[in-house]
Amino acid sequence: MDTKELLASLEKDARRISNNDIMKARSFMLNYVKFLPEKYKKAYSTELFSYYYETFMEIKGLRSNPVIEEIDIETYNELVKNYSQQFNEDPLESYFQRFMSVVTPYLIFITKKPLHPVGMILPGGMTIMEPNGEYYCPIKNKQTEVDIALCKYCICKDNEEVVKTDRYMCGKSFRY
């Protein structure tokens with residue numbers, strides 16, 4: 001499979017997801033984060049969902065061809081399998097899972113963007129950074145023991161790589 005074939009498939013799947021389905025996916029996300037501390041609740045229910053929704057709308061509105069690259073089918077199948085194992089309880093989660101089954105592969109294989117938006121606060125108070133066009137995540141390598149974590153597919157590098165190369169990128173110091 002290549003990126004052109006994947007994008008055609010994602011566009012087709014996106015057209016099958018209604019506004020009502022998206023509202024149900026959003027409801028699932030709101031319910032999923034209701035017990036988080038307030039600052040994380042806002043980040044996950046508003047910032048993260050907005051990022052996913054904007055990405056989804058980008059997919060639905062695409063009229064251009066991506067750079068055509070081969071996609072490792074084993075990696076893609078592993079991603080789909082891992083993603084499908086994450087959800088199983090809430091009646092609304094099937095809507096969220098369907099919505100994200102379009103957004104996640106698009107971010108990973110087509111646009112090569114992080115799974116969380118740049119600047120979003122993560123556990124520990126740190127954020128995804130993008131100095132010099134590279135993406136860095138403070139929890140990337142901390143998720144290696146979590147079998148179903150999608151971090152291993154994300155374009156982000158671990159923040160430790162920033163520390164090793166340059167502690168003061170873009171004229172700003174970053175918290176580590």
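## Helix packing and local geometry

Glu11 lies in helix H1 (residues 3-15); helices here are DSSP runs of H or I with at least four residues, strands are DSSP runs of E with at least two, and both are numbered from the N terminus. Because its relative accessibility is 15%, Glu11 counts as buried, the classes being buried under 20% relative accessible area, exposed over 50% and partly exposed in between, with a 1.4 Å probe and protein chains only. Residues up to four places away in sequence aside, Glu11 touches Ile59 and Leu62, where contact means heavy atoms within 4.5 Å.

This is a predicted model, in which local features need pLDDT of at least 70 and side-chain atom pairs count only at pLDDT 80 or more, while totals for chains, interfaces and linings use all residues. Residues are numbered from 1 along each chain as its sequence is written, and side-chain values use heavy atoms, with hydrogens and water left out.

The protein chain contains 6 helices and 2 strands, arranged along the sequence as α-α-α-α-α-β-β-α. Of its 176 residues, 42% count as buried. Among contacts in the protein chain with a separation of 6 or more, 64% join residues 24 or more positions apart. The accessible surface amounts to about 10,100 Å², with 51% belonging to carbon and sulfur atoms; such areas come from the Shrake-Rupley method with a 1.4 Å probe, and for residues only the protein chains shown count as cover.

Val102 belongs to helix H5 (residues 93-111) and counts as buried because its relative accessibility is 1%. Beyond its neighbours within four places in sequence, Val102 is in contact with Leu10, Asp13, Ala14, Ile17, Phe56 and Ile59.

Two helix pairs are described next. Axes are lines fitted to C-alpha atoms, for helices over the stretch in contact, and angles between N-to-C directions run from 0 to 180 degrees.

| Helix pair | Axes come within | Crossing angle |
|---|---|---|
| H2 (residues 19-32) and H3 (residues 38-60) | 10 Å | roughly 155° |
| H4 (residues 73-84) and H5 | 11 Å | roughly 150° |

The angle between H2 and H3 makes H2 roughly antiparallel to H3, a class that covers angles over 145 degrees. H2 contributes Ile22, Ala25, Arg26, Met29 and Leu30 to the contact, and H3 contributes Tyr44, Ser45, Thr46, Leu48, Phe49, Tyr52, Tyr53 and Phe56. These residues divide into 10 nonpolar, 2 polar and 1 charged; Ala, Val, Leu, Ile, Met, Phe, Trp, Tyr, Cys and Pro count as nonpolar, Asp, Glu, Lys and Arg as charged, and the others, Gly among them, as polar.

Between H4 and H5, the contact involves Thr75, Tyr76, Leu79, Tyr83 and Ser84 of H4 together with residues of H5 including Phe96, Met100 and Ile108. By class, this contact has 8 nonpolar, 5 polar and no charged residues.

The loop between H5 and strand E1 (136-137) holds Lys112, a residue other than glycine whose phi is positive at about 55°. Lys112 counts as partly exposed because its relative accessibility is 32%. Asn132 is also found in the loop between H5 and E1, and its phi, near 55°, is positive in a residue other than glycine. With a relative accessible area of 58%, Asn132 is exposed.

Conventions: Parallel < 35°, antiparallel > 145°, perpendicular 65-115°, else oblique.
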